[in-house]
Amino acid sequence: MKRTVPLIIAIVAGFVLLIANFIPFAESWGLTAQEWFNILAVGAMVLGGGNLVKLHLMKVSSKRKGWGYSVVTIACFFGTLFFGLLKIGVHPNPLTPDYAWSGYYLENGSTLWWIYEHMVVPLTSMMFAMLAFYVATAAFRAFRAKNTEATLLLVTAGVVLLGRTYAGVWLFEGWLPESMQWLRFDNLTVWIMDIPNTAGTRAITIGIALGVVATSLRILLGVDRSYLGQD
Amino acid sequence: MSTDTTKQSNALIWGVIFIIGAIMLIWSMSTSRTGQVWVTAQQHAFTQLSDGSYTSTDAPASGDIEWTTYKKVSDRDLTQEMIDNGSATLSWSRTIGLWLAAIFTLFILSFLVGDNPAYKFAEAMVVGTSAGYVMVIGLWDVFVPNLLGKLFPTLVQSWALPGMDVAAGSQLLYIVPAILIVMLLFQLMPSGGWISRWPIAFFIGITAGYRMIGYVEADLVAQIKAGIIPLWITGQGGFELWPTVNALLLTIATLAAMVYFFFSIEHKGLVGKTARVGIWFLMITFGASFGYTVMGRIALLAARLEFLFGDWLHFIPSS
Amino acid sequence: MLKTLQNLDRRWIFLSMLLAVAIPILTRTVFPEVVSKQAKMVFDAIEDLPDGSNVLMSYDFDPASQGELLPMAQAFTRHCSVKGHKQYYMALWPLGSPMVDLSIDTIQSEYPDMIYGEDYVKFDYKAGGEAVIRMITQDLRGMFPMDSKGVPLDNIPMTKNIKNIQDMDLIVNVSAGDPGTKQWVQFAATPFGLTTVSGCTGVQAPQMYPYIPEQLAGVLGAIKAAAEYEAAIDEAYPSIAENPRAQEAKRRMGPQLVAHSLMIGLIVIGNWIFFVSRKRGQA
């Protein structure tokens, strides 16, 4: 029961979608399943938020190392939820000004907008911008032309790095003959992307597609039950 | 390096950073309106008509609905005249926000010197605010219109979505996803977590169905079709050498790379040689990927530095 | 020298990267852009559409990739606005909705003659990724009964005759990952033959090339392609060329050149250290 019913749900849901794709009569079933999926995705967001709060509350209650930062996380989480769900600072929709709750929750000037603009944007974008520094140290410490394959990778990377900037044009300006313009790094980069890159990526794409089909079939036929967890 | 030497070098680095930062800040504040956000106010007023609907008005009377919104004036558009005549006012909430955004950016940057409490504080904030923000969006954009609006259309229409069509009435079939959401939340309970298997199974089944349809059509069949190209290219002038070479190369490279991924046959002899050629092309692919990845990361850093130097310190025109 | 480099504190590398990006920004170094084949393909896909065509703009990115993708998103908005195309905005990422708001701010400030509901409309974010795409290829109202202002689609002039996105003349997708361009290709472009162009991050761009040209009409890969696209628009529309806000991607190419040169220098020095150490180790 604990494993059989979910197994049947997974198989039925998947086959409804497959059938709806091929048989017009069943199209509405597929649309309904898709709508439910979208609503359930929000449920997954709520679960994610709940799990975050649970983990950090456990850290605070057991006073593990760094529990103070967990307090910050929980405070920011609930603060954002509070200001967002209650639409603090949001004016009504100008089309229906008598409905106090009709306004856009992210209206310019509202509290949630302030949190987004001055906390979410700088923090998330700077977090990802840090990768530029780590890519530089990786280039210095790890990228070694130890064999033919690694050399090919590094030479291609060098051509693309220069080819995708003005340097790819400037380095060859004035001295490269017209018949050899294909050697200019920007032209070479276009060729690399069109031929070798397309070939390699196409092979990977086809391989992944075969793998996904195999995995999906295993799930739809009930062979793969790993998502059911342990009893 | 000994711990004392590390601490000394860290202290020296922090000292240099603070001195340079202070110089930059003093320079900026003495030459421009550092970190100031100026806004213009826009009045909105609505008066009720005889049929009960509302229309906007420029001459609000008692009983009318009124509010004020503020629009940021960019630094390049802001003039002294606007400040003097009061049409532009300093927005304290946005100014404080801008300074906080800059400080948080520097907190994250400080990780480059070494792990420190400021970075950990910023990291804790980003986790909390991002999670809360995504939940708010999901609840207002999906949960309210697509679930509550289907189950209780009249209530939702009278409360938050007055434009909503309630003619279809309550659609009780949507109780199913509502129940599934409740079951999903059982994951958080110390016991009874198995109840969440039902909605998870629904997710998995739907995703497996989607992926099969999408990958077979777009990534398998379409890609094989795209890979079958003419290998003898002719144009208006007859046979074309370089397009033919490219077409041959593309086909051979694709097949060779696919042979590399075929692990059911041992990579020896002709198969081994073909796989070797395949992996050379794959290395070129990864090299190109690396080049593009670097480009992407640097663009992100450039954007953040533009924010610090432009929007905050006004060393360059702000965006 | 070898020993110094072998034991180099990585913070010197961080500092060199910071300076490589900061100095060109402060000196406002801008380089000329040569429009590449891919940028031209994307430009032509929008330019060749008859004025007033229906264009679906899906912003599937967030602030983390804003630095790379927002310039191309804004360029798409300006190009479509100047062509008079009807723009239908949506987002498959939760934090993509505010990105759409930025494009709408651009329309309202730079093209004030455009009317909401007649020339452009915004739909709310919806969760589900590919499920949303699948749904709107068949029934737009099933996913978006109203626009983001709460107005039913039947009451909006530019949506009342739209049944699903098969009524769109072009799909423009700005993508930072999953869900993104791949899902638009899998669930909209390939099965229904919908013309799609993509602007994507540098990480994603190489993976999109196999889809060109049958499944994707063109790809703008990373900030360089965005700069080339801006250059193509500037060439065709001098009024946009005079707008400093429309040159954001071009401005970001200055730091790119210096930083890329630094990267190559670091790779070369790193390999020099490796080979010399190996040789001395063997000797």
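At what angle do helix α8 of chain A and helix α9 of chain B pack? In this predicted model, where local features need pLDDT of at least 70, side-chain atom pairs count only at pLDDT 80 or more, and totals for chains, interfaces and linings use all residues, side-chain values use heavy atoms, without hydrogens and water. Residues are numbered from 1 along each chain as its sequence is written, and chains are lettered from A and ligands numbered from 1 in the order in which they are written.

Helix α8 (residues 185-220) of chain A meets helix α9 (residues 269-312) of chain B at about 110 degrees, with axes 8 Å apart. That makes α8(A) roughly perpendicular to α9(B) (65 to 115 degrees). Axes are lines fitted to C-alpha atoms, for helices over the stretch in contact, and angles run from 0 to 180 degrees between N-to-C directions. Helices are DSSP runs (H or I, at least four residues), and strands are too (E, at least two), numbered from the N terminus.

Now to the rings. Phe, Tyr and Trp rings (for Trp, the six-membered one) pair if their centres lie within 6.5 Å; planes under 30 degrees apart count as stacked, over 60 as edge-to-face and the rest as tilted. By this rule there are 34 aromatic pairs over all chains, including these two:

| Pair | Centres | Planes | Type |
|---|---|---|---|
| Phe82(A) and Phe83(A) | 5.3 Å | 75 degrees | edge-to-face |
| Phe123(C) and Phe144(C) | 4.8 Å | 15 degrees | stacked |

The Phe123(C) and Phe144(C) pair ties together parts that are 21 residues apart in sequence. Phe37(A), Phe203(B), Tyr210(B) and Phe187(C) form one aromatic cluster.

How values were computed. Parallel < 35°, antiparallel > 145°, perpendicular 65-115°, else oblique.
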